[in-house]
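I opened the notebook to record what I looked up in this structure. The entries follow the order in which I consulted it.

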Amino acid sequence: MTNSDLLDRLVTTLKRDIAPAIDDEYLKTQAFMASVVVGKLTRQLALESGHRAAASADLDALVDELRATIEGYDEPGLRAAYTRLAEQREPAALCAFIEALYAARAVIGESTFDRLRRRIRTCLRADIDRRMEYAK
Amino acid sequence: MSAGADDEAVFLARVREYLGTRMPDARELSLTHVQRIAVGWSHETWLFDLTYREGGEAREQGLCLRRDPGNALLRHMSDLEEQFRVLKCLAATALPAPKVFWYESDPAILDAPFLVMEKVPGECPNPWGRAGRRFYAEAAARGTLPASFTAALATLHTLDWEAAGLGFLGVPEPGAGFARREIAKWRELIDASEHPPEPILADLMCWLESNIPAPARVTLVHGAYRTGNLLIHNDRISAVLDWELQVLGDPMYDVAYVLSDLNREGTPLLSNLVERDAFMRDYEAQTGFTIDENACRYYDALYAMRSVAFWMSASGLYRSGRSNDLRLARTTWSVPVVLERAARDLGY
(Lines give C-alpha, C1' and ligand atoms only; values in the text may rest on other atoms or scores of the structure.)
Protein backbone atom coordinates (compact mmCIF):
# COMPACT_ATOMS: atom_id res chain seq x y z
CA MET A 1 0.00 0.00 0.00
CA THR A 2 1.44 3.38 -0.98
CA ASN A 3 1.29 6.39 1.31
CA SER A 4 -1.32 7.87 -0.97
CA ASP A 5 -3.46 4.72 -0.73
CA LEU A 6 -3.11 4.80 3.04
CA LEU A 7 -4.30 8.39 3.17
CA ASP A 8 -7.26 7.56 0.93
CA ARG A 9 -8.15 4.74 3.29
CA LEU A 10 -7.88 7.09 6.25
CA VAL A 11 -10.33 9.46 4.57
CA THR A 12 -12.78 6.62 4.00
CA THR A 13 -12.50 5.39 7.58
CA LEU A 14 -13.10 8.85 8.98
CA LYS A 15 -16.06 9.49 6.72
CA ARG A 16 -17.80 6.10 6.77
CA ASP A 17 -16.90 4.59 10.14
CA ILE A 18 -15.79 7.18 12.67
CA ALA A 19 -17.99 10.22 11.96
CA PRO A 20 -21.31 8.36 11.76
CA ALA A 21 -20.55 6.63 15.08
CA ILE A 22 -20.20 9.92 16.99
CA ASP A 23 -23.32 11.27 18.72
CA ASP A 24 -22.04 14.73 19.62
CA GLU A 25 -22.89 16.96 16.64
CA TYR A 26 -19.81 19.13 16.99
CA LEU A 27 -17.41 16.18 17.15
CA LYS A 28 -19.25 14.41 14.34
CA THR A 29 -18.72 17.49 12.15
CA GLN A 30 -15.07 17.56 13.18
CA ALA A 31 -14.62 13.94 12.07
CA PHE A 32 -16.24 14.67 8.69
CA MET A 33 -14.07 17.77 8.33
CA ALA A 34 -10.97 15.73 9.15
CA SER A 35 -11.84 13.44 6.23
CA VAL A 36 -12.27 16.44 3.92
CA VAL A 37 -9.01 18.07 5.04
CA VAL A 38 -6.99 14.87 4.69
CA GLY A 39 -8.55 14.20 1.29
CA LYS A 40 -7.71 17.65 -0.05
CA LEU A 41 -4.23 17.62 1.40
CA THR A 42 -3.56 14.21 -0.13
CA ARG A 43 -4.58 15.46 -3.57
CA GLN A 44 -2.57 18.67 -3.18
CA LEU A 45 0.57 16.82 -2.14
CA ALA A 46 0.22 14.36 -5.01
CA LEU A 47 0.07 17.23 -7.50
CA GLU A 48 2.57 19.50 -5.78
CA SER A 49 5.74 18.59 -7.61
CA GLY A 50 4.20 18.87 -11.09
CA HIS A 51 2.43 22.09 -10.19
CA ARG A 52 5.60 23.65 -8.81
CA ALA A 53 7.51 22.86 -12.00
CA ALA A 54 4.72 24.25 -14.19
CA ALA A 55 4.42 27.41 -12.09
CA SER A 56 8.16 27.95 -12.22
CA ALA A 57 8.24 27.53 -16.01
CA ASP A 58 5.32 29.94 -16.40
CA LEU A 59 7.01 32.54 -14.22
CA ASP A 60 10.30 32.19 -16.12
CA ALA A 61 8.47 32.74 -19.41
CA LEU A 62 6.65 35.75 -17.93
CA VAL A 63 9.87 37.34 -16.70
CA ASP A 64 11.49 36.86 -20.11
CA GLU A 65 8.56 38.37 -21.98
CA LEU A 66 8.26 41.37 -19.67
CA ARG A 67 11.94 42.29 -19.96
CA ALA A 68 11.85 44.01 -23.35
CA THR A 69 8.85 46.14 -22.49
CA ILE A 70 10.13 47.17 -19.07
CA GLU A 71 13.50 48.19 -20.48
CA GLY A 72 11.70 50.53 -22.87
CA TYR A 73 10.34 52.69 -20.05
CA ASP A 74 12.24 54.92 -17.70
CA GLU A 75 9.96 54.19 -14.77
CA PRO A 76 12.09 53.49 -11.66
CA GLY A 77 9.35 51.87 -9.55
CA LEU A 78 8.38 49.42 -12.27
CA ARG A 79 12.02 48.65 -13.09
CA ALA A 80 12.84 47.97 -9.46
CA ALA A 81 9.84 45.68 -9.11
CA TYR A 82 10.83 43.90 -12.30
CA THR A 83 14.41 43.41 -11.07
CA ARG A 84 13.12 41.91 -7.85
CA LEU A 85 10.74 39.64 -9.76
CA ALA A 86 13.53 38.49 -12.09
CA GLU A 87 15.79 37.73 -9.14
CA GLN A 88 13.33 36.11 -6.75
CA ARG A 89 10.70 34.58 -9.07
CA GLU A 90 8.17 34.04 -6.33
CA PRO A 91 4.60 35.17 -5.55
CA ALA A 92 5.59 38.03 -3.23
CA ALA A 93 7.71 39.58 -5.97
CA LEU A 94 4.94 39.10 -8.52
CA CYS A 95 2.48 40.84 -6.17
CA ALA A 96 4.90 43.76 -5.86
CA PHE A 97 5.29 43.90 -9.64
CA ILE A 98 1.50 43.97 -10.14
CA GLU A 99 1.25 46.86 -7.67
CA ALA A 100 4.07 48.70 -9.42
CA LEU A 101 2.38 48.13 -12.77
CA TYR A 102 -0.85 49.75 -11.58
CA ALA A 103 1.14 52.60 -10.03
CA ALA A 104 2.95 53.17 -13.35
CA ARG A 105 -0.23 53.07 -15.43
CA ALA A 106 -0.30 56.78 -16.24
CA VAL A 107 3.38 56.79 -17.24
CA ILE A 108 3.39 53.72 -19.47
CA GLY A 109 -0.02 54.41 -21.01
CA GLU A 110 -3.20 52.34 -21.22
CA SER A 111 -2.15 50.22 -24.16
CA THR A 112 1.10 49.02 -22.60
CA PHE A 113 -0.57 48.64 -19.22
CA ASP A 114 -3.31 46.47 -20.74
CA ARG A 115 -0.81 44.33 -22.65
CA LEU A 116 1.38 43.68 -19.62
CA ARG A 117 -1.55 43.04 -17.32
CA ARG A 118 -3.08 40.66 -19.87
CA ARG A 119 0.19 38.73 -20.04
CA ILE A 120 0.42 38.52 -16.23
CA ARG A 121 -3.20 37.44 -16.01
CA THR A 122 -2.54 34.58 -18.43
CA CYS A 123 0.09 33.36 -16.00
CA LEU A 124 -2.25 33.83 -13.00
CA ARG A 125 -5.09 31.99 -14.74
CA ALA A 126 -2.87 28.98 -15.44
CA ASP A 127 -1.78 28.95 -11.81
CA ILE A 128 -5.27 29.14 -10.35
CA ASP A 129 -6.50 26.45 -12.76
CA ARG A 130 -3.84 24.16 -11.37
CA ARG A 131 -4.81 24.94 -7.78
CA MET A 132 -8.46 24.29 -8.54
CA GLU A 133 -7.53 20.68 -9.32
CA TYR A 134 -7.33 20.05 -5.58
CA ALA A 135 -9.18 23.00 -4.04
CA LYS A 136 -12.63 22.53 -5.53
CA MET B 1 -15.05 23.42 21.48
CA SER B 2 -17.83 21.18 22.59
CA ALA B 3 -18.71 21.97 26.18
CA GLY B 4 -19.47 19.01 28.40
CA ALA B 5 -22.85 18.74 30.14
CA ASP B 6 -21.29 19.69 33.50
CA ASP B 7 -19.62 22.79 32.05
CA GLU B 8 -22.88 23.79 30.45
CA ALA B 9 -24.81 23.39 33.72
CA VAL B 10 -22.29 25.55 35.56
CA PHE B 11 -22.40 28.18 32.83
CA LEU B 12 -26.19 28.31 32.84
CA ALA B 13 -26.23 28.62 36.63
CA ARG B 14 -23.95 31.64 36.29
CA VAL B 15 -26.28 33.09 33.63
CA ARG B 16 -29.25 32.64 35.97
CA GLU B 17 -27.34 34.32 38.79
CA TYR B 18 -26.43 37.22 36.52
CA LEU B 19 -30.03 37.68 35.37
CA GLY B 20 -31.05 37.76 39.03
CA THR B 21 -28.75 40.74 39.59
CA ARG B 22 -30.29 42.53 36.61
CA MET B 23 -33.87 41.76 37.65
CA PRO B 24 -33.84 42.41 41.41
CA ASP B 25 -37.61 42.06 41.74
CA ALA B 26 -37.67 38.66 40.06
CA ARG B 27 -37.84 35.49 42.14
CA GLU B 28 -37.45 31.77 41.39
CA LEU B 29 -35.55 32.32 38.16
CA SER B 30 -35.22 29.28 35.95
CA LEU B 31 -33.82 28.71 32.45
CA THR B 32 -35.75 26.31 30.23
CA HIS B 33 -35.65 25.21 26.58
CA VAL B 34 -31.93 25.96 26.47
CA GLN B 35 -30.39 25.67 23.02
CA ARG B 36 -26.82 26.49 21.99
CA ILE B 37 -26.31 27.45 18.36
CA ALA B 38 -23.52 28.76 16.10
CA VAL B 39 -20.71 26.83 17.74
CA GLY B 40 -17.26 27.97 16.75
CA TRP B 41 -17.58 30.31 13.77
CA SER B 42 -18.75 33.46 15.40
CA HIS B 43 -20.00 34.51 18.80
CA GLU B 44 -21.50 31.77 20.95
CA THR B 45 -25.26 32.04 20.92
CA TRP B 46 -27.57 30.61 23.57
CA LEU B 47 -31.37 30.67 23.35
CA PHE B 48 -33.55 29.98 26.36
CA ASP B 49 -36.74 30.88 28.15
CA LEU B 50 -36.41 32.61 31.49
CA THR B 51 -39.27 31.82 33.85
CA TYR B 52 -39.62 33.75 37.09
CA ARG B 53 -42.11 35.21 39.55
CA GLU B 54 -42.54 38.92 40.00
CA GLY B 55 -45.17 40.69 42.13
CA GLY B 56 -46.70 37.31 42.87
CA GLU B 57 -47.19 36.48 39.18
CA ALA B 58 -45.49 33.81 37.06
CA ARG B 59 -43.74 35.31 34.05
CA GLU B 60 -41.71 34.12 31.11
CA GLN B 61 -39.30 35.91 28.79
CA GLY B 62 -37.51 34.34 25.82
CA LEU B 63 -33.87 35.47 25.78
CA CYS B 64 -30.84 35.18 23.55
CA LEU B 65 -27.34 35.47 25.01
CA ARG B 66 -24.34 36.06 22.73
CA ARG B 67 -20.87 35.65 24.17
CA ASP B 68 -17.47 36.38 22.68
CA PRO B 69 -15.52 33.10 22.71
CA GLY B 70 -12.28 34.99 22.17
CA ASN B 71 -11.22 33.24 18.98
CA ALA B 72 -14.19 33.74 16.67
CA LEU B 73 -13.85 34.61 13.04
CA LEU B 74 -13.65 38.42 12.61
CA ARG B 75 -13.80 38.90 16.35
CA HIS B 76 -11.59 41.97 16.37
CA MET B 77 -13.83 43.51 13.70
CA SER B 78 -17.22 42.77 15.17
CA ASP B 79 -17.40 43.40 18.86
CA LEU B 80 -20.51 42.72 20.86
CA GLU B 81 -20.61 46.20 22.31
CA GLU B 82 -21.06 47.65 18.84
CA GLN B 83 -23.78 45.10 18.11
CA PHE B 84 -25.50 46.12 21.32
CA ARG B 85 -25.32 49.80 20.43
CA VAL B 86 -26.61 49.20 16.91
CA LEU B 87 -29.54 47.11 18.11
CA LYS B 88 -30.34 49.69 20.77
CA CYS B 89 -30.51 52.35 18.06
CA LEU B 90 -32.60 50.15 15.77
CA ALA B 91 -35.24 49.67 18.47
CA ALA B 92 -36.56 53.12 17.65
CA THR B 93 -36.88 52.39 13.93
CA ALA B 94 -39.33 50.40 11.81
CA LEU B 95 -36.74 47.72 11.05
CA PRO B 96 -37.57 44.35 12.64
CA ALA B 97 -34.65 43.62 14.96
CA PRO B 98 -34.24 42.02 18.39
CA LYS B 99 -34.70 44.26 21.42
CA VAL B 100 -31.50 44.29 23.49
CA PHE B 101 -31.44 44.37 27.28
CA TRP B 102 -27.87 44.30 28.61
CA TYR B 103 -24.25 44.30 27.52
CA GLU B 104 -21.47 43.33 29.89
CA SER B 105 -17.77 43.78 29.17
CA ASP B 106 -16.59 42.46 32.56
CA PRO B 107 -15.11 38.97 32.02
CA ALA B 108 -15.62 38.23 35.71
CA ILE B 109 -19.32 37.66 35.05
CA LEU B 110 -19.27 34.98 32.32
CA ASP B 111 -15.55 34.80 31.44
CA ALA B 112 -16.01 36.98 28.34
CA PRO B 113 -18.04 39.96 27.12
CA PHE B 114 -21.66 39.15 26.29
CA LEU B 115 -25.00 40.69 25.48
CA VAL B 116 -28.55 39.64 26.27
CA MET B 117 -31.44 40.33 23.94
CA GLU B 118 -34.95 39.11 23.40
CA LYS B 119 -35.57 35.81 21.67
CA VAL B 120 -37.63 36.85 18.69
CA PRO B 121 -40.17 34.28 17.48
CA GLY B 122 -39.19 32.66 14.23
CA GLU B 123 -36.84 30.28 12.52
CA CYS B 124 -33.71 30.76 10.48
CA PRO B 125 -33.33 27.84 8.05
CA ASN B 126 -29.83 27.29 6.68
CA PRO B 127 -30.06 28.16 2.97
CA TRP B 128 -27.24 25.71 2.14
CA GLY B 129 -28.90 22.66 3.63
CA ARG B 130 -31.40 20.48 1.79
CA ALA B 131 -34.21 21.30 4.23
CA GLY B 132 -33.43 25.02 4.04
CA ARG B 133 -33.44 25.04 0.26
CA ARG B 134 -36.82 23.34 0.26
CA PHE B 135 -38.12 25.81 2.88
CA TYR B 136 -37.12 28.83 0.78
CA ALA B 137 -38.34 27.27 -2.48
CA GLU B 138 -41.78 26.72 -0.96
CA ALA B 139 -41.80 30.24 0.53
CA ALA B 140 -40.78 31.65 -2.86
CA ALA B 141 -43.79 29.98 -4.45
CA ARG B 142 -46.15 31.53 -1.88
CA GLY B 143 -44.70 35.00 -2.51
CA THR B 144 -45.18 36.61 0.91
CA LEU B 145 -41.68 36.02 2.27
CA PRO B 146 -39.87 37.29 -0.86
CA ALA B 147 -41.86 40.54 -0.60
CA SER B 148 -41.00 40.79 3.10
CA PHE B 149 -37.31 40.15 2.31
CA THR B 150 -37.24 43.09 -0.10
CA ALA B 151 -39.34 45.32 2.15
CA ALA B 152 -37.06 44.79 5.15
CA LEU B 153 -34.00 45.74 3.09
CA ALA B 154 -35.81 48.83 1.81
CA THR B 155 -36.66 49.76 5.40
CA LEU B 156 -33.04 49.24 6.44
CA HIS B 157 -31.80 51.51 3.64
CA THR B 158 -34.35 54.27 4.16
CA LEU B 159 -34.31 54.54 7.95
CA ASP B 160 -32.98 57.81 9.30
CA TRP B 161 -29.65 56.58 10.65
CA GLU B 162 -28.70 59.99 11.98
CA ALA B 163 -31.92 60.34 13.96
CA ALA B 164 -31.51 56.76 15.19
CA GLY B 165 -28.09 57.65 16.59
CA LEU B 166 -26.10 55.38 14.29
CA GLY B 167 -23.59 58.07 13.35
CA PHE B 168 -21.09 56.42 15.71
CA LEU B 169 -20.52 53.79 12.99
CA GLY B 170 -18.53 56.43 11.14
CA VAL B 171 -19.72 58.51 8.22
CA PRO B 172 -17.52 57.84 5.19
CA GLU B 173 -15.81 60.64 3.28
CA PRO B 174 -17.84 61.68 0.23
CA GLY B 175 -17.04 59.93 -3.05
CA ALA B 176 -14.51 57.14 -2.73
CA GLY B 177 -14.46 57.19 1.09
CA PHE B 178 -16.80 54.26 1.66
CA ALA B 179 -15.13 51.78 -0.70
CA ARG B 180 -11.64 52.90 0.39
CA ARG B 181 -12.56 52.24 3.99
CA GLU B 182 -13.89 48.77 3.16
CA ILE B 183 -10.79 47.92 1.12
CA ALA B 184 -8.57 49.08 3.98
CA LYS B 185 -10.57 47.05 6.49
CA TRP B 186 -10.28 43.81 4.52
CA ARG B 187 -6.63 44.48 3.68
CA GLU B 188 -5.97 44.76 7.41
CA LEU B 189 -7.59 41.36 7.98
CA ILE B 190 -5.59 39.84 5.12
CA ASP B 191 -2.34 41.25 6.51
CA ALA B 192 -3.18 40.00 10.00
CA SER B 193 -3.80 36.49 8.67
CA GLU B 194 -0.12 36.16 7.66
CA HIS B 195 -1.25 34.15 4.64
CA PRO B 196 1.35 33.80 1.85
CA PRO B 197 1.09 36.49 -0.86
CA GLU B 198 -1.48 35.89 -3.58
CA PRO B 199 -0.88 37.67 -6.93
CA ILE B 200 -4.55 37.41 -8.00
CA LEU B 201 -5.48 39.17 -4.78
CA ALA B 202 -2.89 41.87 -5.49
CA ASP B 203 -4.45 42.35 -8.93
CA LEU B 204 -7.95 42.43 -7.42
CA MET B 205 -7.02 45.00 -4.78
CA CYS B 206 -5.29 47.25 -7.33
CA TRP B 207 -8.31 46.96 -9.62
CA LEU B 208 -10.66 47.82 -6.76
CA GLU B 209 -8.58 50.89 -5.86
CA SER B 210 -8.65 52.01 -9.50
CA ASN B 211 -12.38 51.63 -10.13
CA ILE B 212 -14.19 52.97 -7.06
CA PRO B 213 -17.76 54.10 -7.78
CA ALA B 214 -19.18 57.27 -6.28
CA PRO B 215 -22.17 56.41 -4.09
CA ALA B 216 -25.34 58.42 -4.66
CA ARG B 217 -26.14 58.43 -0.94
CA VAL B 218 -25.09 57.12 2.46
CA THR B 219 -27.39 54.74 4.35
CA LEU B 220 -27.12 52.07 6.99
CA VAL B 221 -25.63 48.98 5.30
CA HIS B 222 -26.09 45.55 6.88
CA GLY B 223 -23.12 43.94 5.14
CA ALA B 224 -24.51 40.40 4.94
CA TYR B 225 -28.18 40.71 4.02
CA ARG B 226 -29.30 37.25 2.92
CA THR B 227 -31.42 34.32 3.97
CA GLY B 228 -29.70 32.60 6.88
CA ASN B 229 -29.22 35.97 8.57
CA LEU B 230 -32.94 36.70 8.75
CA LEU B 231 -35.43 35.32 11.22
CA ILE B 232 -38.74 34.23 9.69
CA HIS B 233 -42.10 33.99 11.42
CA ASN B 234 -45.50 33.49 9.77
CA ASP B 235 -43.92 33.84 6.33
CA ARG B 236 -42.44 37.25 7.13
CA ILE B 237 -39.09 38.60 8.33
CA SER B 238 -39.47 38.87 12.10
CA ALA B 239 -35.91 40.10 12.71
CA VAL B 240 -32.81 41.05 10.78
CA LEU B 241 -29.94 39.28 12.54
CA ASP B 242 -26.14 39.09 12.43
CA TRP B 243 -25.20 42.67 13.06
CA GLU B 244 -21.47 42.07 12.71
CA LEU B 245 -20.51 43.79 9.46
CA GLN B 246 -22.76 46.86 9.44
CA VAL B 247 -21.44 50.20 8.26
CA LEU B 248 -22.67 53.51 6.97
CA GLY B 249 -22.12 53.53 3.25
CA ASP B 250 -23.49 52.82 -0.20
CA PRO B 251 -26.74 50.83 -0.10
CA MET B 252 -25.67 49.24 -3.39
CA TYR B 253 -23.19 47.27 -1.28
CA ASP B 254 -26.14 45.35 0.22
CA VAL B 255 -27.97 45.22 -3.11
CA ALA B 256 -24.90 43.68 -4.73
CA TYR B 257 -24.82 41.04 -2.01
CA VAL B 258 -28.46 40.21 -2.68
CA LEU B 259 -27.83 40.04 -6.44
CA SER B 260 -24.67 37.95 -6.03
CA ASP B 261 -24.58 34.30 -6.98
CA LEU B 262 -22.59 33.78 -3.76
CA ASN B 263 -25.87 33.49 -1.90
CA ARG B 264 -27.81 31.00 -3.95
CA GLU B 265 -27.22 27.46 -4.91
CA GLY B 266 -28.75 25.73 -7.91
CA THR B 267 -31.51 28.31 -8.28
CA PRO B 268 -31.94 31.62 -10.14
CA LEU B 269 -33.76 33.00 -7.08
CA LEU B 270 -31.75 35.65 -5.22
CA SER B 271 -30.82 34.39 -1.78
CA ASN B 272 -32.71 31.19 -2.76
CA LEU B 273 -35.92 33.18 -2.37
CA VAL B 274 -36.59 36.22 -4.56
CA GLU B 275 -36.98 36.63 -8.31
CA ARG B 276 -34.43 39.10 -9.58
CA ASP B 277 -36.88 41.27 -11.53
CA ALA B 278 -39.33 41.42 -8.64
CA PHE B 279 -36.56 42.34 -6.21
CA MET B 280 -35.26 45.13 -8.42
CA ARG B 281 -38.72 46.50 -9.15
CA ASP B 282 -39.94 46.40 -5.54
CA TYR B 283 -36.68 47.66 -4.03
CA GLU B 284 -36.60 50.66 -6.37
CA ALA B 285 -40.27 51.41 -5.75
CA GLN B 286 -39.95 51.20 -1.97
CA THR B 287 -36.67 53.11 -1.59
CA GLY B 288 -36.93 55.56 -4.48
CA PHE B 289 -33.34 54.58 -5.34
CA THR B 290 -32.24 53.41 -8.77
CA ILE B 291 -30.17 50.24 -8.63
CA ASP B 292 -26.75 51.00 -10.09
CA GLU B 293 -25.73 47.72 -11.71
CA ASN B 294 -22.20 48.93 -12.45
CA ALA B 295 -21.71 49.74 -8.78
CA CYS B 296 -23.15 46.34 -7.89
CA ARG B 297 -20.63 44.61 -10.17
CA TYR B 298 -17.86 46.57 -8.47
CA TYR B 299 -19.11 45.59 -5.01
CA ASP B 300 -19.37 41.97 -6.14
CA ALA B 301 -15.62 42.11 -6.77
CA LEU B 302 -15.17 43.77 -3.38
CA TYR B 303 -17.07 40.83 -1.86
CA ALA B 304 -14.55 38.52 -3.49
CA MET B 305 -11.81 40.40 -1.64
CA ARG B 306 -13.83 40.21 1.57
CA SER B 307 -14.36 36.47 1.12
CA VAL B 308 -10.64 35.94 0.58
CA ALA B 309 -10.01 37.93 3.76
CA PHE B 310 -12.55 35.79 5.67
CA TRP B 311 -11.00 32.52 4.53
CA MET B 312 -7.43 33.65 5.06
CA SER B 313 -8.38 34.76 8.56
CA ALA B 314 -10.33 31.57 9.27
CA SER B 315 -7.61 29.21 8.08
CA GLY B 316 -5.04 31.34 9.91
CA LEU B 317 -6.90 30.81 13.19
CA TYR B 318 -6.38 27.07 12.80
CA ARG B 319 -2.80 27.27 11.49
CA SER B 320 -1.73 29.49 14.37
CA GLY B 321 -3.29 27.17 16.97
CA ARG B 322 -5.82 29.75 18.16
CA SER B 323 -8.64 27.41 17.19
CA ASN B 324 -8.85 23.62 16.94
CA ASP B 325 -11.98 23.72 14.82
CA LEU B 326 -11.34 21.67 11.67
CA ARG B 327 -14.01 23.63 9.82
CA LEU B 328 -11.52 26.49 9.91
CA ALA B 329 -8.73 24.23 8.64
CA ARG B 330 -11.01 23.29 5.75
CA THR B 331 -11.18 26.93 4.64
CA THR B 332 -7.54 26.75 3.54
CA TRP B 333 -8.92 25.47 0.22
CA SER B 334 -11.66 28.09 0.09
CA VAL B 335 -9.00 30.73 -0.60
CA PRO B 336 -8.11 29.51 -4.13
CA VAL B 337 -11.79 28.89 -4.89
CA VAL B 338 -12.62 32.54 -4.18
CA LEU B 339 -9.50 33.75 -6.00
CA GLU B 340 -10.63 31.81 -9.06
CA ARG B 341 -13.98 33.58 -8.84
CA ALA B 342 -12.20 36.93 -8.47
CA ALA B 343 -10.18 36.23 -11.60
CA ARG B 344 -13.41 35.61 -13.50
CA ASP B 345 -14.84 38.86 -12.08
CA LEU B 346 -11.80 40.64 -13.50
CA GLY B 347 -12.29 39.00 -16.89
CA TYR B 348 -9.74 36.20 -16.90
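I counted a residue as buried if 20 or more other C-beta atoms, placed from the backbone, lie within 10 Å of its own. I took helices (H or I, at least four residues) and strands (E, at least two) as DSSP runs, numbered from the N terminus. The model is predicted: local features need pLDDT of at least 70, side-chain atom pairs count only at pLDDT 80 or more, and totals for chains, interfaces and linings use all residues. Residues are numbered from 1 along each chain as its sequence is written, and chains are lettered from A in the order in which they are written.

I looked up strand 8 (residues 236-240) of chain B; 4 of its 5 residues are buried, so the strand is largely enclosed by the rest of the structure. Strand 7 (residues 230-233) of chain B pairs with strand 8 of chain B in the antiparallel sense over 4 bridges (pairing requires at least two DSSP bridges). Leu230(B) has Val240(B) as its bridge partner. I noted 2 residues between the strands of this hairpin, and a positive phi of about 50° at Asn234(B) in the turn.

Entry on the chain contact. I found 22 residues from chain B and 25 residues from chain A in the contact (C-beta atoms, placed from the backbone, within 7 Å). On the side of chain B that touches chain A, helix 7 (199-210), helix 11 (326-330) and helix 12 (334-345) of chain B each supply at least two residues. Helix 7 of chain B gives the most, with 6 residues.

Terms used:
Two residues are in contact if their C-beta atoms, placed from the backbone, lie within 7 Å. A residue is buried if 20 or more other C-beta atoms lie within 10 Å of its own, exposed if 12 or fewer, and partly exposed in between; C-beta atoms are placed from the backbone.
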